[in-house]
Amino acid sequence: MKHMTEEELIAYREGVAAERMVIAQHLAACEECRAELERIETVLAALDTLPVPNPGDDYGRRVWQQIAPRLPERPAQWWQAWFEPKRLAAVGIMATLLVAAFIAGRSMRDPIRLDVATKEQIRERVLVVAVGEHLGRSEMMLVELSNAEPLGPAQKRVDISAEQHRAEDLLEENRLYRQTALKEGDANLASVLDDLERVLLDVTHSPEEVTPAQLEKIRQKIEARGILFKVRVVGRELQERQKATKPAPAQKDSKESERNKA
Amino acid sequence: MIRMQPSVENAQTIAESDAVAVERTLAGDRDAFRVLVERHSHNVFRLAYRMTGNRPDAEEVVQEAFLRAYQKLGQFAARANFGTWVYRIAANYAIDRMRQRKKEEARKVEPTVHEEGTENDPVTLVHDAAPTPERLTQNIELRKQMEIALAALSHSERTAFVMRHWEGCAIEEIAQVLKSSSGAAKNTVFRAVQKLRLALQPFVGRGTQARAMGTES
């Protein structure tokens with residue numbers, strides 16, 4: 001009989017198992033798995049006995065008294081949320097992409113360039129340049145994280161808070177580029193950005209100061225996903241694509257000079 | 001599992017009444033927000049305490065959560081559940097607070113001792129056998145180990161465990177707080193339980209043996 005894994009039993013115990021019925025049926029028939037589940041239960045039951053202090057019946061009133069003087073007259077309106085720093089950063093990226101697309105679109109009006117770059121090529125180029133830069137910044141952060149060390153022999157922990165804050169910013173950008181890549185039908189790029197997003201999430205969810213062992217684990221995760229390699233490969237591919245989608249200025253120049261001559 | 005969920009009818013009544021209070025607050029009636037604060041403070045405190053592991057931080061999280069909720073009330077869809085929303089704000093702020101606290105106390109090896117004394121010893125709440133001196137020592141030791149094990153979880157693991165195991169939150173809700181996919185949130189719950197089990201199994205086992213011995217004597 002194939003036994004349930006620890007993961008399946010924990011998922012069952014916590015009510016998040018996908019195949020709840022299958023596990024329940026197996027448990028009914030398998031004494032060994034029942035005993036294993038009981039061992040998990042014992043640990044969780046012990047944790048359940050940790051008390052939470054009662055803040056008192058008048059706690060809600062006390063909270064109100066503490067916060068009331070700090071509340072503005074009225075809550076902020078919904079549109080004010082657009083002026084939060086994170087939103088502004090995202091809006092900035094979108095605006096850059098739009099402006100770049102607009103400039104590219106205008107250049108399309110030049111009949112001489114029509115045979116050089118199509119509208120799709122220009123749109124792709126905008127994405128390629130922006131994502132290329134994003135991947136470059138991500139690579140730099142991951143390399144720095146991989147090389148992080150305690151500041152001195154006396155220090156037992158490594159401060160990765162700077163990398164973590166950069167990872168948080170990159171995460172926002174990454175989501176935007178991944179969605180754009182998906183919309184543009186670039187499955188390969190979207191897949192690499194998806195992998196990168198998981199690594200960035202791992203980094204942002206780690207403690208700000210880690211032990212060398214914890215740092216090693218983060219390094220192993222980065223290595224196991226092969227994300228640095230993938231980022232470099234895609235980065236190079238994007239450079240190639242950037243070259244391929246670049247309009248040929250020489251042609252334009254020669255045609256212009258011919259016109260000037262005429 | 002300790003979960004304090006209201007009944008379906010009760011939850012619906014609270015949600016409807018919350019929606020009215022939210023609308024009144026948005027219309028400029030600041031006192032309407034007081035109803036929301038007084039109604040949800042205890043639940044938010046419970047979550048915050050379990051996440052931060054200490055009372056001063058938990059109280060700070062509660063205050064900050066309601067302040068942020070008030071400031072962002074304009075973005076809150078009145079038809080949604082205010083309780084769930086403020087809960088999510090509190091969980092997010094508790095993660096920030098835990099990060100900050102960890103940084104401040106990075107070099108402290110000893111875990112913080114609970115403000116409650118041994119009269120609230122958790123193990124005595126479940127074990128019905130008469131306490132022996134050995135059991136009492138082991139219970140204090142077990143509680144200390146549980147606090148160490150919880151403190152050793154990463155912020156996301158502790159958040160996922162508290163929200164799922166103690167607060168009964170849906171995986172999607174946890175995923176929103178952790179800014180991850182549902183699958184990743186589920187894995188985080190699993191990792192947390194696995195780590196807690198690894199750290200506590202030897203002590204829980206010892207406690208079981210001790211109980212048997214205590215009953216026999």
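Among contacts in chain B between residues at least 6 apart in sequence, what percentage join residues at least 24 apart? The share is 67%. For chain A, the corresponding figure is 70%. These values, like the others below, come from a predicted model.

Start with chain A. This chain contains twelve helices and two strands. In sequence order, its elements run α-α-α-α-α-α-α-β-α-α-β-α-α-α. Chain A has 262 residues, and 24% of them count as buried.

Chain B has nine helices and zero strands, which gives the pattern α-α-α-α-α-α-α-α-α along the sequence. Of its 217 residues, 39% are buried.

One element of chain B shows how buried residues can be arranged on a helix. Helix 8 of chain B covers residues 171-178, and Ile171(B), Ile174(B), Val177(B) and Leu178(B) are buried there. Viewed down the axis of helix 8 of chain B, the buried residues lie within an arc of 120 degrees, so they line one face of the helix. After helix 8 of chain B comes Lys179(B), which has a positive phi, near 55 degrees.

Now turn to where the two chains meet. Chain A supplies 44 residues to the contact, and chain B supplies 58 residues. On the side of chain A that touches chain B, the elements giving two or more residues are helix 1 (6-13), helix 3 (31-48) and helix 4 of chain A. Helix 3 of chain A provides the largest share of that side, with nine residues. By class, the residues on this side of chain A are 25 nonpolar, eight polar and eleven charged.

Within this topic, one pair of helices can be followed in detail. Two packed helices are described by the angle between their axes and the distance between the axes. Helix 4 of chain A (residues 59-67) packs against helix 3 of chain B (residues 55-71) at an angle of about 65 degrees, and their axes are 10 Å apart. The crossing of helix 4 of chain A with helix 3 of chain B is right-handed. Which residues meet in this pair? From helix 4 of chain A come Val63(A), Gln66(A) and Ile67(A), and from helix 3 of chain B come Val62(B), Gln63(B), Phe66(B) and Leu67(B). Five of the residues in this helix contact are nonpolar, two are polar and none is charged.

How far can each part be trusted? The model as a whole scores ipTM 0.75 and pTM 0.57. Chain A has a mean pLDDT of 78, with 75% of its residues at 70 or more. Among the elements of chain A, the highest mean pLDDT, 95, belongs to helix 4 of chain A, and the lowest, 48, to helix 12 of chain A (residues 249-261). Residues 250-257 of chain A have pLDDT below 50, and this stretch makes four contacts beyond near neighbours in sequence.

For chain B the mean pLDDT is 78, and 69% of the residues reach 70 or more. Confidence in chain B is highest in helix 3 of chain B, at a mean of 95, and lowest in helix 5 of chain B (residues 122-126), at 41. Two further stretches of chain B have pLDDT under 50. Residues 1-5 of chain B form one of them, with eight contacts beyond four places in sequence. Residues 207-217 of chain B form another, with 13 such contacts. Where pLDDT is low, the predicted coordinates should not be read in detail.

Methods
Residues numbered from 1 in each chain as written. Chains lettered and ligands numbered in written order. Predicted model: local features only at pLDDT ≥ 70, side-chain atom pairs only at ≥ 80, totals over all residues. Helix = DSSP H or I, 4+ residues; strand = E, 2+ residues; numbered from the N terminus. Buried ≥ 20, exposed ≤ 12 C-beta atoms within 10 Å, placed from the backbone. Contact = placed C-beta atoms within 7 Å. Axes fitted to C-alpha atoms, helices over the stretch in contact; angles between N-to-C directions. Left-handed = near helix turned anticlockwise from the far one by under 90°. Nonpolar A, V, L, I, M, F, W, Y, C, P; charged D, E, K, R; others polar. Arc of directions from axis to C-beta. pLDDT = per-residue confidence, 0-100.
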